[in-house]
Amino acid sequence: MQELADELPGHSPRYVLLSYPLTLPSGRLSVPYVMIYYLPVTCNAELRMLYAGAKELMRNTAEVGRVIEMADPEDLEEIEEKLGGEQ
């Protein structure tokens, strides 16, 4: 996840499609398919509106189960907790 966090730009939004394997507390393996909607606070208003308007289209086209919104690349460190709360 650190490599992905390093690749995210500081001033531009991104959609990231992620299939991340994790082991649930029950011991079962789960591989949720999610979309990360990265929208940094330093992003300009025009890009914010462009990406916000296309978010649902991207979600439906990619057929993801869930959208996780993030404003800081460091939030990726907590991805397992966010995905684990999905079940």
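1. Contact, as used throughout this note, means heavy atoms within 4.5 Å. Axes are lines fitted to C-alpha atoms, for helices over the stretch in contact, and angles run from 0 to 180 degrees between N-to-C directions. Helices (H or I, at least four residues) and strands (E, at least two) are DSSP runs, numbered from the N terminus. In those terms, helix 2, which covers residues 45-62, lies across strand 1, strand 4 and strand 5, and runs at about 175° to strand 4.

2. On the basis of the note, this is a predicted model, in which local features need pLDDT of at least 70 and side-chain atom pairs count only at pLDDT 80 or more, while totals for chains, interfaces and linings use all residues. Residues are numbered from 1 along each chain as its sequence is written, and side-chain values use heavy atoms, with hydrogens and water left out.

3. The sheet is open, with three strands in the order 1-4-5 and mixed pairing, where two strands are taken to pair if DSSP finds at least two bridges between them. Its edge strands are strand 1 and strand 5 (66-70), each of which pairs on one side only. Neighbouring strands of this sheet are turned by 25° against each other on average, direction ignored.

4. Strand 4 (residues 33-38) is joined to strand 1 by six bridges, and the two run antiparallel; among the facing residues, Tyr-15 stands opposite Tyr-37, and Leu-17 has Met-35 as its bridge partner. Towards strand 5, strand 4 has five bridges in a parallel arrangement, with Met-35 standing opposite Val-67. Because five of its six residues are buried, strand 4 is largely enclosed by the rest of the structure (buried means under 20% relative accessible area, exposed over 50%, partly exposed in between, with a 1.4 Å probe and protein chains only).

5. Strand 4, helix 2 and strand 5 together make a right-handed β-α-β unit. The crossover is called right-handed if, with the strands pointing away from the viewer, the path from the first strand over the helix to the second runs clockwise.

6. Which residue forms a salt bridge with Lys-55? The partner is Glu-69, and the closest N and O atoms are 2.6 Å apart, a salt bridge being a side-chain nitrogen of Lys or Arg within 4 Å of a carboxyl oxygen of Asp or Glu. The pair links distant parts of the chain, with Lys-55 in helix 2 and Glu-69 in strand 5, 14 residues apart. By this rule the count comes to one salt bridge.

7. Lys-55 counts as buried because its relative accessibility is 16%. Leaving aside its neighbours within four places in sequence, Lys-55 is in contact with Tyr-15, Met-35, Tyr-37, Val-67 and Glu-69.

8. His-11, by contrast, is found in the loop between helix 1 (2-7) and strand 1 (14-19), and counts as exposed at 56% relative accessibility. Beyond its neighbours within four places in sequence, His-11 is in contact with Pro-40, Thr-42, Cys-43 and Leu-47. The side chains of His-11 and Thr-42 are joined by a polar contact of 2.9 Å. A polar contact is a pair of N or O atoms within 3.5 Å; within protein, one must be able to donate a hydrogen and the other to accept it, and residues adjacent in sequence count only if both atoms are side-chain atoms.
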